[in-house]
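Trainee: I have a model open and want to walk through a few parts of it. Can we start with the strands?

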Amino acid sequence: MTSERGPMRIGELAAVVGVSAHVLRAWERRYGLVEPLRSSGGYRLYGPEAEARVRAVLALRAQGVPVSSAVAQVLAERRLGAEAADPTGQAPRQLIARLREAVDRFDERSVQVVLDDTLDGLGLELALCEVVLPYLVDLGERWARGETTIGHEHFASQLIRRRLSARTLTWGVGTGPIAVLACPADERHDIALLAFGLLLGQAGWRIRFLGQDTPASELLGAVRVIGPDLVVIAATRSEAFQAHAETVRQISAGHVVAVGGPGATPAVAADLGAARLPTELRAAVTAANRLVNHAHPPAQTATPTSTSTPQGVSR
């Protein structure tokens with residue numbers, strides 16, 4: 001059980017739960033188990049929710065559950081609990097409103113506080129799907145209506161990108177499938193693709209993120225060197241895909257390729273020989289897993305009367 005103690009530095013939290021600070025940092029970086037708050041002086045602090053999550057993982061570990069499975073179970077239970085406690089989605093709407101107000105004032109400290117509350121209170125998946133990406137869509141729509149400026153969009157984007165990028169440090173760790181993620185040349189909106197990579201990474205994928213404004217020749221060269229299980233190209237305009245169609249078709253001939261974003265229409269996907277990812281982030285992750293499992297089906301076990309040979313391996 002957690003106490004009523006206030007926010008703690010990571011060393012204090014480690015002493016309370018009986019796990020080293022090194023382990024807590026690893027669980028934070030690798031799995032997103034806890035999200036620190038920030039004091040007015042900029043110190044990273046951990047509250048009762050962080051303590052509760054760590055204790056829940058430790059309880060499962062004591063039962064012999066592997067740490068990755070224990071963390072996944074705890075995060076899922078916390079997410080379901082949050083949804084049950086707030087079935088109307090009021091909390092995400094309030095967070096979006098606070099984020100809008102802070103960005104409108106160009107108030108960086110307040111933006112950081114809202115992002116802390118979002119990531120710590122909702123967890124990575126809900127934070128991205130219910131707050132961060134919907135807020136950016138709303139910001140773009142407000143800009144189109146003349147209610148805000150391009151300066152606000154740049155200010156919000158760089159702060160959000162910086163916070164999300166800090167969670168990519170373990171993208172090269174593990175043995176899961178490898179995904180190359182890129183936006184075509186002249187496409188600079190890559191935060192949704194970054195968010196997609198974060199959820200893939202949380203599911204065990206290894207991510208090679210090329211990001212915005214990637215020339216087709218550079219993407220082709222990277223794919224040849226990396227040999228990924230999946231190549232994902234995302235753009236807001238269909239023209240961004242069409243301008244590099246020949247190179248993308250070349251990649252599609254030897255690799256599983258998927259396209260995403262508002263510019264990835266069914267016609268574009270068909271023309272490029274690529275799969276089309278759903279616009280909803282969680283559905284896109286599910287689709288990516290299916291694409292790789294389809295390309296690399298589990299090995300078949302021969303029976304005494306079978307003459308079949310293995311068709312692939314699961315990655």
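Trainee: Which residue in β7 stands opposite V259?
Mentor: R276 in β7 stands opposite V259. Keep in mind that this is a predicted model, where local features need pLDDT of at least 70, side-chain atom pairs count only at pLDDT 80 or more, and totals for chains, interfaces and linings use all residues. Residues are numbered from 1 along each chain as its sequence is written, and side-chain values use heavy atoms, with hydrogens and water left out.

Trainee: In what sense do β6 and β7 pair?
Mentor: Parallel, over two bridges. Two strands pair if DSSP finds at least two bridges between them. Strands here are DSSP runs (E, at least two residues), and helices are runs of H or I with at least four, numbered from the N terminus.

Trainee: Which strand pairs with β6 over four bridges?
Mentor: β5, residues 230-234, in the parallel sense. V232 stands opposite A258 in β6.

Trainee: Which way do the β6 residues point?
Mentor: V257 and V259 point one way, A258 and G260 the other.

Trainee: New topic. Where does N293 lie?
Mentor: In helix α13, residues 281-295. N293 counts as partly exposed because its relative accessibility is 38%.

Trainee: How far is N293 from D229?
Mentor: They are 64 residues apart in sequence and 9.7 Å apart in space, C-alpha to C-alpha.

Methods: Buried means under 20% relative accessible area, exposed over 50%, partly exposed in between (1.4 Å probe, protein chains only).
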